[in-house]
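Please work through each task before reading its solution.

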Amino acid sequence: MQMTDVLGRTPQRSDARSNRTRILATARQKLGDDPDASLDSIAQAAGVARRTLYGHFSSRQALVTTLTQEAGRALQQAFARARIPGADPLEAMARMALAAWVVGDQYRMLISLGRRDLGDEVIRATLAPARAEATATVRRGQDEGVFADHVPAPVLALTLEALILALAEENAMSTWADPTGEAAATALLVAAGVAPQVAALRVRDVLPESERQERLPTTVRTA
């Protein structure tokens with residue numbers, strides 16, 4: 001007789017959880033490289049039988065839905081980790097841009113696959129919390145005169161989102177390299193109406209210490 005938990009559910013076996021994790025990781029890679037990748041090809045790449053994949057995800061839509069939900073959670077968690085109480089709008093926006101860059105691949109997949117397989121309504125709902133935070137930061141920056149106010153805050157926030165996604169796409173395609181997201185975050189602040197030199201300095205101020213050290217000359221790092 002199989003054991004059940006306090007809620008009466010049968011605990012998922014460790015090998016089943018491992019298979020599910022492997023399928024999702026493989027699907028992120030395969031669908032990122034080829035949005036038309038079939039479930040059969042994903043199962044083969046993950047090293048599981050076709051019936052095993054279908055045991056976890058009954059259809060392509062079910063798999064994409066799970067990937068989209070995971071991406072939305074990853075973005076919200078990245079924003080939460082980057083949030084600093086009392087940060088001014090410039091710092092807050094720089095931190096959000098760098099946070100989005102960390103989950104850039106999942107973020108791009110959320111937008112591209114989600115729109116294609118699930119529809120815009122699902123994407124809007126998934127991104128609603130992150131977009132609300134970005135819009136509030138833009139509005140605060142406009143009120144304080146540090147961001148351009150020629151368009152409403154929601155429109156500017158969506159424009160900045162489109163920019164970071166476009167830059168992430170170029171980074172993924174290896175046509176342009178920005179491993180830390182510093183250049184992307186700087187470009188985002190500039191697009192928001194911040195002077196380039198000010199934008200670059202503010203982004204550098206919030207980069208993790210390890211990444212700042214990597215950018216310094218060797219003589220300075222070892223001094």
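**Exercise 1. The largest pocket**

Which helices each supply at least two residues of the lining of the largest pocket?

Solution. The model is predicted: local features need pLDDT of at least 70, side-chain atom pairs count only at pLDDT 80 or more, and totals for chains, interfaces and linings use all residues. Residues are numbered from 1 along each chain as its sequence is written, and side-chain values use heavy atoms, with hydrogens and water left out.

Step 1. On a 1 Å grid over the protein atoms alone, a pocket is an open set of points where a 1.4 Å probe fits, with protein on both sides within 12 Å along at least five of seven lines; lining residues have an atom within 4 Å of a point. Helices are DSSP runs (H or I, at least four residues), numbered from the N terminus.

Step 2. Identify the helices. They are H1 (14–33), H5 (89–102), H6 (104–117) and H8 (153–172). H6 contributes the most, with eight residues.

Step 3. Describe the pocket. Its volume, the space filled by probe spheres set on grid points joined across faces, edges and corners, is about 590 Å³. Of its 24 lining residues, Gly32, Gly104, Asp105, Arg108 and Ala172 lie nearest the centre.

Step 4. Sort the lining by class. Ala, Val, Leu, Ile, Met, Phe, Trp, Tyr, Cys and Pro count as nonpolar, Asp, Glu, Lys and Arg as charged, and the others, Gly among them, as polar. The lining then comprises 13 nonpolar, six polar and five charged residues.

**Exercise 2. The second largest pocket**

Step 1. Two or more lining residues come from each of helix H4 (60–82) and H5. The largest share, five residues, belongs to H5.

Step 2. By class, this lining has 10 nonpolar residues, one polar and three charged.

**Exercise 3. Salt bridges**

Which residues are linked with Arg60 in a network of salt bridges?

Solution. Step 1. A salt bridge is a side-chain nitrogen of Lys or Arg within 4 Å of a carboxyl oxygen of Asp or Glu. The whole structure has 14 of them.

Step 1. Arg60 pairs with Asp117, their closest N and O atoms being 2.7 Å apart. This pair joins helix H4 to helix H6 across 57 residues of the chain. Arg116 also bridges to Asp117, at 3.9 Å between the closest N and O atoms.

Step 2. The network consists of Asp36, Arg60, Arg116 and Asp117.

Step 3. Arg60 is partly exposed because its relative accessibility is 23%, and Arg116 is partly exposed because its value is 48%.

Terms used. Buried means under 20% relative accessible area, exposed over 50%, partly exposed in between (1.4 Å probe, protein chains only).
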